[in-house]
Amino acid sequence: MRAADIIFQADNVSATFIHQFRADFPILNLKIGDKPLVYLDNAASSQMPQFVIDRLVRYQTTQHANIHRAVHYLSEIATHEYEMARQKLQHFINAGEAREVIFTSGTTDAINLVMHGYGRKFIQKGNEIILTHLEHHANIVPWQMLAEEKGAIIRVVPINDAGELLVEEYEKLFNENTRFVALSHVSNALGTINPIKEMIAFAHQRGVPVLIDGAQAAVHLAIDVQALDCDFYVFSAHKLCGPTGIGILYGKAHQLEAMQPFKGGGDMISSVTFEKTTYNEIPYKFEAGTPPIAAAIGFGAAIDYLSNIGLDSIARYEHELLTYATERISMIPGVKIIGNSSSKVAVISFTMEGIHPHDVGTLLNQEGIAVRTGHHCAQPIMQRFNIPATSRASFAFYNTKDEADALIEGIQTVKKVFLS
Ligand code: PMP
């Protein structure tokens, strides 16, 4: 058992646990004006611990060269470290093989890769693609582009008033034309955790492959792609305490092998003549050009950091924080939480009667509190709830109950300023 687990099981000591990890994040010591920063925008991007920053510095100062292309010392080191990062990602999500992990520039890029590599090859006119009402634009727009190009049809799984998918409606959407399902593990706007395991099994019984957008899940929940049995799973490093500009596509080897390349160029080929090019094996077939080497290695360090804490411990602590903040925010008159699923990560989207979310965000910023306001790149959800936008507080394992209290006080201040 890890030290972190022991601490979590003891009563009333989660604060000790958190302060121990909080100290790893230099940015959390910032002041915004004269107020301590309360960073509650983790669903957009989480912060980076010193451990990852140091790893990036070490790479740049002692290990940098281009990979896969030379026999000199630095190139060998950089190649080794880059491939080690791939293996770390493989173990993090329990993929069967390292070659099933493709480095991409992020979640959006990974979904576009599958759309081009799988969708453009296998989806035809009249075929149907199932999405859900909870998707981020990154998991809507590429499929719409494909549908437009091919004459395919998009079907959408509806949600209930709590922001949960109606699984029985999902099942009714399947017919002989269904060819692909793309759905989020966790909703970025509402925090809902979707029952993806059952949904994947249902699709597979009908021979339909499934892509899971794990952008909001991978930092909160332990992911096991073999247990889930998804065909594709995608996420970005910058939501897992890692750098921007890097993410992964996990794909089952047989799916990736059957797909066509997305981008052409160096490294993704096995031989090139003007008459014909043959492609490299996976994962390289999908990694054209010089990748973000430093970012991939930093991603590997972020995975080490998170794994050392333990995703189960993180999930337990964040759930405690979610329950604490939800109870208190729900008690404030005029504040409405949007998304009340019984299965949620620590994301609280809310509206305040008579006050525009942008004003809420601006006033909270004056208190040093960073929340996101807007449609969260999920306009269909806003339309479903008939609202233009929400304010969204999203917590990470380094946030504290004191910060939840600061948010609640901040909301009270916003009310006073606007409604007095
Ligand atoms: N999907 C979901 C559910 C997200 O929350 C995000 C980021 N907000 C994305 C996709 C896109 O991720 P990225 O911008 O890192 O490509």
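A disulfide is a pair of cysteine sulfur atoms within 2.5 Å. The structure, a predicted model, holds 0 disulfides. Residues are numbered from 1 along each chain as its sequence is written, and side-chain values use heavy atoms, without hydrogens or water. In this predicted model, local features need pLDDT of at least 70 and side-chain atom pairs pLDDT 80 or more, while totals for chains, interfaces and linings use all residues.

**View 1. Residues around the ligand.** T107, T108, H136, A138, N188, D213, A215, Q216, S236, H238 and K239 surround the ligand, each with a heavy atom within 4 Å of it. The shell has 2 nonpolar, 7 polar and 2 charged residues.

View 2. A polar contact here is a pair of N or O atoms within 3.5 Å. The side chain of T108 places an N or O atom 2.6 Å from a ligand oxygen. For D213, a side-chain N or O atom is 2.6 Å from a ligand nitrogen. Q216 has a polar side-chain atom 2.7 Å from a ligand oxygen. On its own the ligand has 400 Å² of accessible area (Shrake-Rupley method, 1.4 Å probe), and the protein covers 83% of that.

View 3. C230 has a relative accessible area of 0% and is buried (under 20%).

How values were computed:
Polar contact = N/O pair within 3.5 Å; in protein donor to acceptor, adjacent residues only side chain to side chain. Nonpolar A, V, L, I, M, F, W, Y, C, P; charged D, E, K, R; others polar. Buried < 20%, exposed > 50% of the residue type's maximum accessible area, 1.4 Å probe, protein only.
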